[in-house]
Amino acid sequence: MTNNNLNMTRVFYLNVPQIRTLLTIVLAVALALPTFAQEPDIDKGKSLFNMNCAACHKLNKRAVGPALAGVSQKYEKEWLYAWIKNSMAMVKSGDPQAVAIYEEYNKSVMTAFPQLSNEDIDNILAYTDYTPAAPATPAVVATTVVSGTDDTTSTLLLGVLVLVLVVLVVMLFLVTQTLRKIAIANGIEVEASKSKRKPLWEVYINNSFLVFSTVILLLFSSAYFAYGYLMQVGIDQGYSPVQPIHYSHKIHSGDNEIECKYCHSSARVSKHSGIPSLNVCMNCHMNIAEYNGEEDLEKGYTKEFYTNEIKKLYKAVGWDEENQRYTGETQPVKWVRIHNLPDFVYFNHAQHVDVAGIDCQKCHGPVEEMEIMYQHSPLTMGWCIDCHRESNVDLENNEYYEKVHAELSKKYGVEKLTVAQMGGLECGKCHY
Amino acid sequence: MANHKKYWKSTAELDSNNAFVEDLMGREFVEKLPEDAFLGNEQVMNDSKTNRRDFLKYVGFSTAAASLAACEGPVHKSIPYVVQPEEIRPGISNYYATTVADGFDLASILVKTREGRPIKVENNTDIPASYAANARVQASVLSLYDNLRLQGPTQSGSPIGWATLLQLSRQQLDNMQSQGEQLALLTRSYASPSTQHLIDQITSKYDNIKHITYDSVSSSHALDAFAKAYGQRALPTYDFSKAETIVSFDADFLGDWQGGGHAPGYVKTRLPVKKNGKAKMSTHFQFEAIMTLSGAAADKRMPMTAAQQQQVLAAVYVELTNGQATADQATVEMAKIIAKHLRKAGKNGIVITDLPSTEAHRVSLAINEKIGSVVIDTKHTTTTRQGNALEVSQLVEDLNSGAVQGIIMADVNPVYTLAEGEQFAAGLAKAKFSLSFSMKNDETASKAQWVAAIPHYLESWGDVEFKTNHFGLTQPTIRPLFDTKQFQDVLLTWLGKDMTYRDQLRSYWEKNILSGTSWNKALHDGFYVSDSSTNRKRYNDSVADAIGILSTAKQEGYSLHLYTKTGLGDGQQANNPWLQELPDPITRVTWDNYLTISKPDAAALGLWNEIQSDGSLNGGYANITVGSSTLKVPVLIQPGQAKGTVGLAFGYGKQAGLKSEMQVGVNAYTLYNDFSKVQTVSIEAAEGTHEFACTQLQNTLMGREDIVKETTLEIFNTKNRDYYNAVPVVSKNHIETKVTSPEVDIWDQFNRSVGHHFNLSIDLNACTGCGACVVACHAENNVPVVGKREIRKSRDMHWLRIDRYYSSEETFEGDNTTVNEISGLGESLTTFSSLEEPSNNPQVTFQPIMCQHCNHAPCETVCPVAATSHGRQGQNHMAYNRCVGTRYCANNCPYKVRRFNWFLYNNNDEFDFYMNNDLGRMVLNPDVVVRSRGVMEKCSLCIQKTQKTILDAKLVGRDIADGEFQTACSSACSNGAITFGDINDKSSRVSKSLKSDRMYHLLESVGTKPNVQYQVKVRNTETS
């Protein structure tokens, strides 16, 4: 209970809400812990597991190594200590259990963990034996339903309002009709409103200046809209096609904070950012066979949905999950390309990403929030040029720029140089 | 006053009673329109439910639908690798060192690959320049993507599997051996130690197989002579960089003589670099019949028939050995001059020959031995040409007589390349077993029973011994595109060995060639020099008999000189449109071969050339007869052609295995009797007009000194720059002012001293006109091929052209003098028109011209849409997507370097060249856009390459060293004639050459301030 004591001492420096949260945690931990003091720490075990074991083992599923849930029931504790600390030594010494497991898992060698103490191993085993209580899913559903009503109520309200207005108009019309009928029935002649003035349209027609100016106005405005329409032809801002695999940038780049250039590695060196080859996916997905993160039930993004998408990857790359090996039967994925620059433009990712150090998000938008990838920027020449006019070139620590920088800043009398001042607006820099 | 003139088209109209005219007047069209074909059938018309209104509705609807559909962008699919190979990163080029040896061309090169496909051949700068790529090697990458290549093995024209072919052929071999039937293995010269090893094994396993080597263009005479003199059937090698006096008898050593590769060494001796205020150059005498690249470069060129040359050669030997001359006066005088220069040069002299006479070769070897020449290297010999003329003739006989029952051919096309091609084909038909290893279904393969499809060299393994101890390795740069197998792999199967040729190659090298060096290093370098000792061969020959034969050489009538052109060479790559469209450096004619003839001979024989009003060239035909074969060939009058001789190039007239567009010219091999390049011929004029596609018709400079500047070595050494390379002056306030002065410039000066400022420097002394740069430019910049018809309309698309000029007098200096001495208008008219005619033995100069990237560019100011503009780095940019095709820029360009896309040259059946099929398009450079119809294009100074170099430096954060900036042409030029760099880098070669005394700009008087420099051509005139 040293941990708890420590926390208690800190309580004095915390404010009320913090205390509340802390208390809940402490309470939760205290409840989860068995009653006597020398018991292993599940939390510690979890972090140790994730740090050391998770690369090859899962709790409930066979991966590179066997599933570890309930492993302490299968083997003696002492045997497990020895195995974890140096498994190969046991295999070599001919321990029958050790040899059996070694054979079963394609003779893949388990890393030796001499650094783990018995206590650590106890912690890990406690974690692998621990089964969490079923999560309170109904609560989640309830909240999503509530949040969902917000939108529908507003449309409903609008609909009702429109309906009321329509009813009012109809009623008014009916009222005048009835009044007129009553008047006729009563023999009152309803006077047709005769005005001495000419109708408005005639006045307008006769005023040539007015006609002329409206025509001009109309012409200009239609030209404006026509121009606007034509200018957006071929601009696919917001283009968000359906991809063969529902790949969520939000989960990878947002939730899991994977660096963009981990997958799009060629953006560092090449003109192409590159769509990662499937073997890059498998670096992680060899172990991550199912999705356990947040769900978006409204859109149907359930855990099963995501897990199913991972299966699609396995099918494409030819990964036999059962036996943890590649079958060699591959089906390359035909992604739909989102960012299409015309052929007559030369764009180089390395120049922007590596030399200039621009964040990917600058052009591609908040990718880490995109459940479905879409084209964020218009990718028009004007958009390129605007940025080249505004952006300063980072000239520090690059020997290539040193001389040029000194001379150009003298020429322009500025300290910082924009891309444009470096010649970044010249036609031939991008069109050849 | 009313005009009563009556216009008429024919006299019949004047006759008012002519009923026929009356009838015609009443008709809208002279011929009746075939409307009955679709409107005549009343029944169908009535039954049709589509009336006119419906038709219009459909048209309207489909137009609207099409335009609506056009608004929707196409969906692009991107398919990444499943498992990406480690070495491939999309967008990054990989380079592999490899070796070409196709029996004719030989080079050690780097192959640039993108996403796994080879797209360009580059020179390997780590190895001697003599193994650099020529135009054909530069173009060979396109031959890889030839869609007429064989896609798999065939039996009697129908596809079979490799397993069947291998099994059946092996059975056949075993059967024939057991029955004692003779087999011939006819191959090209491989010069490959590992292949030779395999062939030795196969001939020892099957004792009934005889190996015969043959070269389509033979060096048999040279080989026989060397064998007689030095006891080894091989060719000596040469280092022309050591030469001071070069005497060549009909040997085009700057062209394809003995495999080529001599130009870089030669050029080193031709650069007037001043040391202690005095420059030295080698002296080059060229005796030849046809005008060659070597003749064009020579200081003194003497057009002569082969017989005359043999006499001179003999006389030179006699002169050098102080013997008694028996020849006529002129020959002896000539020989004395040559002997004087050779004596003066001592061991730095060299005599070479390509005369089809073993005696001539023996005498030239004797002379070199006599003067102790260090240029010739008899210690390091080469076996890249091994063809044996006698054995091949014997084979044709044996096939027909039945003495040889079976034949295996590897990488040869004897039906096309043998003079006895027809007899060979007949013999082939008689053979019990015939198997051809071929890349194409060519003339020979289509007649063989079995055809084994072999891969292109870029898909193959291999090795070659360039010369003694100099080895090259060939490695694949792409997986085989088709179901092909290498000849060597098949040999291994026949030998019953369960290994691939690659493994065999490696084990052979590790055992026999690599003394401790790692295989991987050798493969990485692509080139390996072993240090095994070599023995100088003992010279042992007496040439007295040869002298006798040579000095009595005689010629009856006309002699035909067969030669190879820079474009097609021996014709292996005849289906390569880049090479077909490459203008011949001398004649500037594309897509053709022709009979070259001197002007007096043409006049005597009634042969003609004529320039049409649309600027195209037409010519007459001649029937030429050698022995029993007659060919009808178009005639081209060639200045410099020796009287009494005519020339005809090999490599054309192929019919099988190539597209109809490439089936041009006539097959000169049919006249190549006994593998002798000189044949006695009878010529007579024939009916018809031939349409040439010639890219240059203004053949002379007419004394315009500001285009090509020339001077002599003597003047260069003694006078100052203003004498031989004066900057043009203009008058300002009656004061002569240099045009380079800002005083007379109408444009503002920009400060261009910051950042890079690119310049290209072209040394006219170093340019031999070889054309490698032109093809390299094609490959790098996706320059389209337009075809013969369009070239004829002057619509060629070459971004880089090599202009060739002849002098009208004996020398260009003579032209200048003539022009300067003109007085009065009348005289100027007559003199200038006479200057349009080239001399019968003109001086020749080559001038590569590309966009000059003028700092004050005339094109930029006239573009109405600002599609062409100037960059700060000195490049004149061309934004194709902005161009609307007014062509004002081209009209305003004084250098005529802008090219207009009259048509869509890609994906267009009218231009069925490589850009019209998926395979051919694989060669396109993904960094350069493929231009569309209606836009102007031109040289960009390879901005994609300069940008790449800059980016590479930025990524690492370093400065750029001189030599890193390259254009396609500068890196392709192994002679160093084209250098590229940054003039703001004061240590760069171009900034030094900018200050050179020889530097001038093209048409400097126009004031365009180009960024392309030219270096004055200096000629060595001390040739008397």
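Predicted model: local features only at pLDDT ≥ 70, side-chain atom pairs only at ≥ 80, totals over all residues.
Residues are numbered from 1 along each chain as its sequence is written, and chains are lettered from A and ligands numbered from 1 in the order in which they are written.

The model scores ipTM 0.83 and pTM 0.83. Chain B has an average pLDDT of 89, and 99% of its residues score at least 70; pLDDT is the predictor's confidence in each residue, from 0 to 100. For chain A the average is 81, with 85% of the residues at 70 or above. Within chain A, helix α1(A) (residues 2-11) has the lowest confidence, a mean of 41, and β3(A) has the highest, 93. Helices (H or I, at least four residues) and strands (E, at least two) are DSSP runs, numbered from the N terminus. Residues 1-14 of chain A have a pLDDT below 50, and this stretch has eight contacts in the model beyond near neighbours in sequence. The pLDDT is also below 50 over residues 29-37 of chain A, a stretch with four such contacts. Two residues are in contact if their C-beta atoms, placed from the backbone, lie within 7 Å.

Chain A has three assigned domains: domain 1 (40-129), domain 2 (199-233) and domain 3 (380-432). Domain bounds come from an automatic or database domain assignment. The centres of domain 1 and domain 3 of chain A, taken over C-alpha atoms, are 57 Å apart.

Where do the two chains meet? In the contact, 46 residues of chain A face 39 residues of chain B. On the chain A side, α14 (278-285), β3 (335-336), α16 (349-355) and α19 (399-412) each supply at least two residues. The largest share, six residues, comes from α19(A). By residue class, the chain A side has 20 nonpolar, 16 polar and ten charged residues; Ala, Val, Leu, Ile, Met, Phe, Trp, Tyr, Cys and Pro count as nonpolar, Asp, Glu, Lys and Arg as charged, and the others, Gly among them, as polar. Strand pairing also links the chains: β3(A) pairs with strand β1(B) (residues 77-78) in the antiparallel sense over two bridges. Two strands pair if DSSP finds at least two bridges between them. One bridge sets Trp335(A) against Ser78(B) in β1(B).

Chain B is divided into domain 1 (1-71), domain 2 (154-218 + 389-456 + 486-512), domain 3 (221-382), domain 4 (555-694) and domain 5 (710-1019). The C-alpha centres of domain 3 and domain 5 of chain B lie 35 Å apart, and each of these domains gives 16 residues to their contact. On the domain 3 side, α9 (263-268), β12 (278-279), α10 (293-297) and β14 (300-303) of chain B give two or more residues each. That side holds twelve nonpolar, no polar and four charged residues.

Chain B also has an open sheet of three strands in the order β2-β3-β4, with antiparallel pairing. Its edge strands are β2 (93-101) and β4 (117-123) of chain B, each pairing on one side only. Nine bridges join β2(B) to β3(B) (residues 106-114), and Ala97(B) has Leu110(B) as its bridge partner in β3(B). Helix α5(B) (residues 135-144) lies across β2, β3 and β4 of chain B, at about 170° to β4(B).

A second sheet, of four strands, is open and mixed, in the order β41-β34-β43-β42 (chain B). Its edge strands are β41 (978-982) and β42 (999-1000) of chain B. Strand β34(B) (residues 758-763) runs antiparallel to β41(B) over five bridges, with Asn759(B) opposite Gly981(B).

Two packed helices are described by the angle between their axes and the distance between the axes. Helix α7(B) (residues 193-205) and helix α18(B) (residues 501-512) pack at about 105°, with axes 10 Å apart. Axes are lines fitted to C-alpha atoms, for helices over the stretch in contact, and angles run from 0 to 180 degrees between N-to-C directions. The two helices are therefore roughly perpendicular; angles under 35 degrees count as roughly parallel, over 145 as roughly antiparallel, 65 to 115 as roughly perpendicular and the rest as oblique.
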